[in-house]
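Subject: Structure handover

Hello,

Here is the structure we discussed. Please open it alongside these notes.

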Amino acid sequence: FGFDRKENFRSNTFHMLMRYAFPLTVSDLFAFSFKQKFCGNVEGWEIFDCKNEYERLKLNEGCWKVTKHNESYQLCDTYPNQFVVLRKLNKHNLRDCASFRTRNRLPVVIWRHPVYGCTITRCSQPKVGVIGKRSTADEKLLENIVKANESCNMLYILDSRPKLNAQANSFVGGGFESTRLYQN
C-alpha cells in the first residue's frame, strides 16, 4: 500500500507502530491503556460468568459440563472457581487427572469452533519425569476429549515451549506427552 507524500501518513504510521510495538513504559501497552467502561460499580472478577460462557460456546451438554469442584480453589489455585470439563468426570477423576499435571492444571475447555464443533482444551505439562510415568486417568481423559468433539477424530497435542525446555523439564518431574501412548 502507499501513502500520499503530501500528507504525514507515513511518519504518523511509523510513530504509532513504534509507540505500540515498542512502548517506552508498560502503561502504554494495550492491556493497560484500554479501559472498558462498565455500568455501575462492577468488580472485574464478576464480569466473567462460566455458565454464560458455556452457553455462548454452544457446547454439547451431553459431553461437557461446568464443574464447581474448584469452588474454593482447592483443586487448582490458578484456575477459576468454575470451568468446563467432560461430563463423565466426577470429583475423584478430576483430582486424579489434576494430580498428574503441573500445578494441577488439568485439561479444560477454553474454545469451540462455531461450525465444526472441535474444542481447544488447555492444561499444563504432565508429570512424566525421566522415567516416563503414566496416568491411566489422564490418558482416558484425553481419549474421551477426542470422542466428545463432534466432527473431529484426531487429537492434536501442542506444546508451545522450545523442545529443549520440554525435555529439560523431565529432569525436574515434568515433561511432555508421548505420542506413542495415543492412538489418535
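The notes below cover the cysteines, a hairpin and a surface patch.

Keep in mind that this is a predicted model.

Cysteines

There is one disulfide in the structure. It joins Cys118 and Cys152, with the sulfur atoms 1.6 Å apart. Cys152 counts as partly exposed, because its relative accessibility is 21%.

What about Cys97 and Cys123? For the sulfur of Cys97, the closest cysteine sulfur is in Cys123, 10.0 Å away, and that is too far for a bond. The cut-off for a disulfide is 2.5 Å. Seen from Cys123, the closest cysteine sulfur is that of Cys97. Their surroundings can be stated briefly. Cys97 is buried, because its relative accessible area is 1%. Cys123 counts as partly exposed, at 30% relative accessibility.

Hairpin

E3 and E4 form a hairpin, with six residues between them. In the turn, Gly117 has a positive phi of about 80°. The two strands pair in the antiparallel sense, over four bridges. Val108 stands opposite Arg122 in E4.

Ile110 is worth a look in the viewer. This residue lies in strand E3. Ile110 is partly exposed, because its relative accessible area is 41%. Which residues does Ile110 contact, leaving aside its neighbours within four places in sequence? They are Ile120 and Arg122. The C-alpha atoms of Ile110 and Tyr54 are separated by 9.3 Å, and these two residues are 56 residues apart along the chain.

Surface patch

Val130, Ile131, Phe171 and Val172 make a nonpolar surface patch of about 520 Å². Where is Val172 in the chain? Val172 lies in the segment after helix H6 (163-169). Val172 counts as exposed, because its relative accessibility is 71% and the cut-off for exposed is over 50%.

Best wishes

Notes: Residues numbered from 1 in each chain as written. Predicted model: local features only at pLDDT ≥ 70, side-chain atom pairs only at ≥ 80, totals over all residues. Heavy atoms only, no water. Patch = residues over 30% accessible without salt bridge, like charges linked within 9 Å, V, L, I, M, F, W, Y side chains within 5 Å. Areas by Shrake-Rupley, 256 points an atom, 1.4 Å probe, with all protein chains shown as cover. Salt bridge = Lys/Arg side-chain N within 4 Å of Asp/Glu carboxyl O. Buried < 20%, exposed > 50% of the residue type's maximum accessible area, 1.4 Å probe, protein only. Pairing = 2+ DSSP bridges. Contact = heavy atoms within 4.5 Å.
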